[in-house]
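Keep the sequence and the 3D view open while you read.

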Amino acid sequence: MDLQVLRSFQAVAEGMTVTEAAAQARVTQPALSRALRRLEEEVGAELLQRVGRLLRPTPAGRVFKEYVDATLDSYDRGRQAVAEVVDPEAGVVSLAFLHTLGTWLVPKLVTGFRRTLPHVRFELHQHEENGLVQHLLDATADLVITSGDPGHPLITWRRLLVEPLWLAVPTGHRLAGRGRVRLAEVAEEPFILLKPGYGLRSVTETLCREAGFTPLVGFEGEEVHTLRGLVAAGLGVSLIPSSPDTAATPDFPIRYLEITDVHGARDIGIARLTGRTLPPVSRRFMDHALRATAAPAAEPG
């Protein structure tokens, strides 16, 4: 039994064909088939069974795969940790973050970090809130930057900053000439929201409840950029993390209004898996993020 055979078993159990797994391992398909049979002999059970064109894990295979996943993950993290001990200034930071933070906060933090450690590489993943938590639980990211504490018993979260939220209205809206409004003033208007599962959706619904109403769902999207486009088209209003100084453009004729009757903001923080020791370079990046955002954060442009 060797690591490459385990990786090939893992790939086939996850849906890859034997031919594809063989190509990935740079061996012939017959050679890999023989290796998988030898693996079954060593384990003492049938691990894979043919279903159509694919091999699917048997009940015993599913149990074995859980341990294979843990073994390979531990081995890969061990290699990464050793590489960083040998060259602690050229490791890899695996970071997942909200889509909306990819336009200002993440680039700012990464740029600042690489000024002192220019050879560090980053593996970046964008996702919505639930996906970010899963990245940590699956160990596919060392750190995540998210809005609000996930409240998960296995995750440690620390606040980085408080990000303002503004009421976005089209430039022709009845309130567009004002700089400050009560959220309750748009209680009867359609709201353009992110789909359920996104943190900004939950924050919006909470703020509307605090203002005394339930938002009327006009449209739902998966990116803030889409929300802006729908607001600009006059299809509704939205709570958006954007500076009120952002100038309206022909593509996005929007006004951003300050909310006065509720606290229009959301917490942004960095999270890690509590029981997992961070690689040294990821620990240094987390410390950098906490230091860089310790002072009152500038509003995103």
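Begin at Gly236. Beyond its neighbours within four places in sequence, Gly236 is in contact with Pro170, Pro190, Ile192, Leu230 and Val231. This is a predicted model. Gly236 is found in the loop that runs between helix H8 (224-232) and strand S11 (238-240). Is Gly236 buried or exposed? Its relative accessible area is 8%. The cut-off for buried is under 20%, so Gly236 is buried. Val217 is 19 residues away from Gly236 in sequence, and the two C-alpha atoms are 9.1 Å apart in space.

Now turn to the aromatic rings. A pair of aromatic rings is described by the distance of the centres and the angle of the planes. How many aromatic pairs are there? The count comes to five. In one of them, the ring centres of Phe122 and Phe285 are 5.3 Å apart. Their planes stand at 75°, so this pair is edge-to-face. Phe122 belongs to strand S4 (residues 121-127), while Phe285 belongs to helix H9 (residues 280-292). The pair therefore ties together parts that are 163 residues apart in sequence. Both partners lie under the burial cut-off: Phe122 counts as buried at 18% relative accessibility, and Phe285 counts as buried at 0%.

Phe191 and Phe213 make another aromatic pair, and this one is tilted. The centres are 6.0 Å apart, with 45° between the planes. This pair also links distant parts of the chain. Phe191 sits in strand S9 (residues 190-194). Phe213 sits in the loop between helix H7 (199-210) and strand S10 (216-221). The two are 22 residues apart. Phe191 and Phe213 are both buried.

Return to Phe285. Together with Phe113 and Phe122, Phe285 forms one aromatic cluster.

Two packed helices are described by the angle between their axes and the distance between the axes. For helix H5 (residues 105-116) and H9, the axes come within 10 Å and cross at roughly 115°. The crossing of H5 and H9 is right-handed. By class, the contact of H5 with H9 has seven nonpolar residues, two polar and one charged.

Technical notes:
Residues are numbered from 1 along each chain as its sequence is written. This is a predicted model: local features need pLDDT of at least 70, side-chain atom pairs count only at pLDDT 80 or more; totals for chains, interfaces and linings use all residues. Side-chain values use heavy atoms; hydrogens and water are left out. Helices (H or I, at least four residues) and strands (E, at least two) are DSSP runs, numbered from the N terminus. Buried means under 20% relative accessible area, exposed over 50%, partly exposed in between (1.4 Å probe, protein chains only). Contact means heavy atoms within 4.5 Å. Rings of Phe, Tyr and Trp (its six-membered ring) pair if their centres lie within 6.5 Å; planes under 30 degrees apart count as stacked, over 60 as edge-to-face and the rest as tilted. Axes are lines fitted to C-alpha atoms, for helices over the stretch in contact, and angles run from 0 to 180 degrees between N-to-C directions. A crossing is left-handed if the near helix is turned anticlockwise from the far one by less than a right angle, and right-handed if clockwise. Ala, Val, Leu, Ile, Met, Phe, Trp, Tyr, Cys and Pro count as nonpolar, Asp, Glu, Lys and Arg as charged, and the others, Gly among them, as polar.
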